[in-house]
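Dear colleague,

Here is the structure I promised to pass on to you. Please look it over first, and then read my notes on the contact between the chains below.

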Amino acid sequence: MSTPVSAEKKEKISVPFDYNKYLRPNKLPHIWCPGCGHGIVLKAMLRAIDKAGLEKDNIALVSGIGCSSRTPGYVDFNTLHTLHGRALPFATGIKMARPDMKVIVVTGDGDALAIGGNHFIHACRRNIDLTVLVFTNAVYGMTGGQYSPTSPLGAIATTSRYGNVEPPFDTCEIAKAAGATFVARGTAYHTLELEKTIHEALAHKGTSVVDILDACPTYFGRMNKYKSATHMMETMEKDGTVSVKQVDKLPADKVQGKMLRGVLHKIERPEYCEQYASLVQEKAQGK
Amino acid sequence: MVENKRKLLQGNEACVEGAIYAGCRFYAGYPITPSTEIAEGMSVRLPKIGGRFIQMEDEIGGIAAAIGGSLAGLKSLTATSGPGFSLKQEALGYACIAEIPLVIVNVMRGGPSTGYPTGPSQSDIMQAKWGTHGDHPAIAVTPAYVQEIHSETVRAFNLAERFRTPVVVLYDETVGHMREPIILPPPGALEVIDREKVTCKPDEYFPYDERFEIPPLAPFGTGYRFHVTGLNHKKDGFPTNDSKQIGAGNERIMKKIDNHLDEIWKNEEVDLADAEIAVFAIGSTARSARYAVKEARSQGIKAGLLRPLTIWPFPDKAVTELSKRVKAIIVPELNLGQMVLEVQRCSKKAEVTGIHRVDGEPINPGQIIEAIKKAR
Ligand SMILES: Cc1ncc(C[n+]2csc(CCOP(=O)(O)OP(=O)(O)O)c2C)c(N)n1
Ligand code: SF4
């Protein structure tokens with residue numbers, strides 16, 4: 001049954017987002033498995049970049065190593081696929097050399113918080129203007145499903161066959177404690193909300209961290225007995241989180257054990273490159 | 001007229017001046033004895049000339065940020081010593097395969113591990129060549145005097161830009177911490193090579209274009225949007241599984257160096273013309289060797305010195321030629337036998353022996369004179 005819609009709304013529905021504007025179509029198909037959440041996050045990121053009106057020439061997209069870190073190869077920016085865990089220092093160098101560029105980092109939870117954990121906290125501490133998107137699938141996808149620093153207690157992985165005995169990190173708490181001035185959480189399931197969150201992160205001056213819950217059905221999903229990729233997303237991302245906007249309205253038992261979604265922390269603090277630029281200006285004047 | 005500036009500088013301070021002379025405008029590193037004065041000096045000098053300095057959280061971060069800075073168009077430097085050089089190895093290989101110009105200074109100290117931080121050493125000679133995994137090109141320069149630390153740092157930046165590859169400046173603690181008068185040359189006195197500009201249309205640009213022996217590198221953010229990875233890649237920078245392209249890429253980054261050895265090699269020869277006994281040495285050890293050779297000459301022994309200022313690629317040709325005309329080559333070095341193996345490999349006739357020392361003390365001229373006499 002057709003219901004009359006306003007012209008504006010109609011246009012929104014009938015003109016789908018043109019991802020090809022940002023993709024490198026000849027580099028597709030991508031390497032990700034069917035059902036992997038990384039592609040959903042990539043699309044949300046592209047829509048957010050579009051909404052922010054950023055110039056392709058002016059964006060550097062930097063990653064480490066992992067399935068998620070393959071993202072830069074598929075998009076038409078200045079793209080840098082670095083070493084496992086080291087995306088942030090590479091990005092720091094680019095940003096210092098070219099503070100006018102928008103530098104975005106895409107990194108896996110293992111990449112950002114295990115091997116790259118030290119760089120992560122120090123980037124946050126400096127409050128350098130980087131947008132850091134952490135693809136949190138709670139597992140090492142690329143190497144075949146070992147547990148990661150965000151794997152829940154009890155999770156089965158190829159290196160925790162009897163259940164993970166290491167407690168996980170809360171990425172957002174670490175980012176906030178380390179000094180990041182914008183900290184948010186999104187999920188691949190809530191894709192429109194994720195787009196908005198990334199858009200807000202891009203607009204923020206300083207280190208902005210978005211912890212993005214996404215799913216690795218191939219390893220985490222199969223080993224932890226999720227029936228399908230969608231079942232996994234529904235359980236972990238939809239039912240496993242609540243929006244910060246709703247949390248106060250919900251009864252305690254509906255919030256118990258769930259992760260918060262949305263912008264969790266946002267403050268203003270001097271940004272690193274700006275601080276450095278004013279130092280340079282002072283010294284150039286011989287002060 | 002611009003005057004030469006005469007100054008009394010420490011080796012590490014001369015390195016700072018050399019880097020700035022060469023056009024270095026970005027430093028990222030982590031402090032470690034005996035190289036720290038380089039970081040300190042850069043932190044003071046760079047902001048005054050519009051450059052940027054950052055003290056990273058570790059050595060890996062230091063080299064990674066320096067690679068990022070270089071890719072974004074700034075000549076970049078990182079400096080370290082022993083343990084820090086070990087930490088930088090993975091990223092050094094990245095700069096080799098991704099072909100990012102970069103200078104890494106390693107002021108050698110005693111090892112292994114934390115070893116003897118304030119003691120001189122030359123035990124990273126092999127690490128400068130073989131430290132990172134995989135076959136890869138290596139250029140390392142070995143100054144022995146404060147003045148030379150300045151000029152060789154400039155040369156290192158030139159080689160890095162010319163060959164689009166990381167270059168190591170390797171000297172021992174003695175030279176790094178020694179103070180000597182040096183003349184700071186005016187601009188233009190030393191050659192400075194800047195990065196080749198890319199002029200083609202963006203859609204015709206390939207960062208690893210095999211039509212060039214050394215394809216020019218367009219800085220990030222200049223309208224040439226391309227991909228850089230540490231994976232084996234095709235001419236457009238994207239990863240490949242094609243064995244032909246993997247092989248060709250790996251070989252090209254070696255050949256771009258091997259085809260230009262004469263441009264990269266640099267040796268100083270002292271009294272070699274009629275020498276019967278030669279000494280082969282670098283850094284502070286070469287300073288002792290120079291003294292020893294003069295002393296031997298005064299005692300009527302025909303001794304000479306071959307002092308490489310480029311240790312990698314190894315001066316095969318010079319050593320092979322030398323080995324055909326001298327009876328013996330003595331290789332004093334502050335390690336338990338590294339360069340001596342290379343000299344033996346290249347020597348066609350002469351007998352090659354090493355003098356080795358790892359007790360944190362320099363090799364003194366007396367030890368070398370004794371060896372010269374023995375070899376006679
Ligand atoms: C120095 C180093 N150590 C280990 C590896 C192997 N490795 C590659 S990716 C990876 C983990 C990736 O996990 P994550 O960052 O969470 O990304 P995902 O693949 O799950 O998207 C590991 C351990 C490597 N490439 N380099
Ligand atoms: S292994 Fe997991 S993380 Fe990697 S592409 Fe497949 S589903 Fe995604």
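Of the area that chain A buries against chain B, 16% is supplied by A:His81, A:Leu83 and A:Phe90, which is more than any other three residues give. Please keep in mind that this is a predicted model. The contact draws 37 residues from chain A and 41 residues from chain B.

As for polar interactions, 18 residue pairs are in polar contact across the interface of chain A and chain B, counting pairs with both residues at pLDDT 80 or more. On the side of chain A that touches chain B, at least two residues each come from strand 2 (78–81), helix 3 (87–97), helix 5 (117–126) and helix 11 (272–284) of chain A, and helix 3 of chain A provides the largest share, seven residues. By residue class, that side of chain A is made up of 17 nonpolar, ten polar and ten charged residues.

Between chain A and chain B the count of salt bridges is four. A salt bridge joins A:Asp57 to B:Arg225, where the closest N and O atoms are 2.7 Å apart.

The two chains also meet through strands: strand 2 of chain A pairs with strand 10 (residues 227–229) of chain B in the parallel sense, over three bridges, and A:Thr79 stands opposite B:His227 in strand 10 of chain B.

With best wishes

Notes
Residues numbered from 1 in each chain as written. Chains lettered and ligands numbered in written order. Predicted model: local features only at pLDDT ≥ 70, side-chain atom pairs only at ≥ 80, totals over all residues. Heavy atoms only, no water. Contact = heavy atoms within 4.5 Å. Buried area = accessible area lost by both parts, 1.4 Å probe. Salt bridge = Lys/Arg side-chain N within 4 Å of Asp/Glu carboxyl O. Polar contact = N/O pair within 3.5 Å; in protein donor to acceptor, adjacent residues only side chain to side chain. Helix = DSSP H or I, 4+ residues; strand = E, 2+ residues; numbered from the N terminus. Nonpolar A, V, L, I, M, F, W, Y, C, P; charged D, E, K, R; others polar. Pairing = 2+ DSSP bridges.
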